[in-house]
Amino acid sequence: GELTTLDQSSGLVIEGPHPTFPTAHAPIASDFTVFIVSTVGRVVGLAIGNGMQTAIGPSTPLGVTSPLVLAPDGSIRVGSTSGRLFAMRPDGMTMYDVTLAGPIDAAPAVASDGTTYAATFTPGRLSGVSTTGEMVFDRAVGDSAGGVSVSDARVAVGHNRAVRLYERS
């Protein structure tokens, strides 16, 4: 429930602690903003230095979420067990909030072009969503899907029996 800035080399406190809210996942940073997802599923940006809120989204909380993921352009992605995949710019502007086929409990992965790949646990599916929220990839995989990894050419996902590798094209 606190945000503290530490010196990387010595571990000494530089700023804070600043009070915040409980979270189940590690924070991520984009420029001079730290992003935390609350236990009710709100993504909040806090300014490094003073802990002031700079961004918040979505307007309707996501519920239980996956860990936050930072995209190459500095935007944020997060999935939820309610099946929502949410993308937000660092300033708090929503990029998209789409519903997939099932619960997302593992961290999504973001390709260099901004396409976000998320695995739904049951039914096991791997879905790719463009930066505008359009479904651009959708494949059935085994149950318990998770552990997505992406490169420029391929995307991989694990499930209860194997790991599947797909060409992104």
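What follows is a short exchange about a predicted model of one protein.

Modeller: Residues are numbered from 1 along each chain as its sequence is written. Local features need pLDDT of at least 70, side-chain atom pairs count only at pLDDT 80 or more, and totals for chains, interfaces and linings use all residues, while side-chain values use heavy atoms, without hydrogens and water.

Biologist: How many helices and strands does the protein have?
Modeller: Both are DSSP runs, numbered from the N terminus: helices are H or I with at least four residues, strands E with at least two. By that rule the protein has 0 helices and 17 strands.

Biologist: What is the radius of gyration of the protein?
Modeller: Take it over C-alpha atoms; the globule rule is 2.2 Å times the number of residues to the power 0.38. For 169 residues, a compact globule would come near 15 Å. The protein agrees with this, at 16 Å.

Biologist: Is Leu46 buried or exposed?
Modeller: Buried means under 20% relative accessible area, exposed over 50%, partly exposed in between (1.4 Å probe, protein chains only). Leu46 lies in strand 5 (residues 43-47). Its relative accessible area is 6%, so Leu46 is buried.

Biologist: What distance separates the C-alpha atoms of Leu46 and Thr33?
Modeller: Along the chain, Leu46 and Thr33 are 13 residues apart. Leu46 is also in contact with Thr33 (heavy atoms within 4.5 Å). Their C-alpha atoms are separated by 5.5 Å.

Biologist: With which residues is Ser130 in contact, leaving aside its neighbours within four places in sequence?
Modeller: Ser130 sits in the loop between strand 13 (125-129) and strand 14 (135-140). Its relative accessible area is 13%, so Ser130 is buried. Leaving aside neighbours within four places in sequence, its contacts are Tyr96, Thr115 and Val136.

Biologist: What share of the protein's residues count as buried?
Modeller: The count runs over the 169 residues of the protein. The buried share is 45%.
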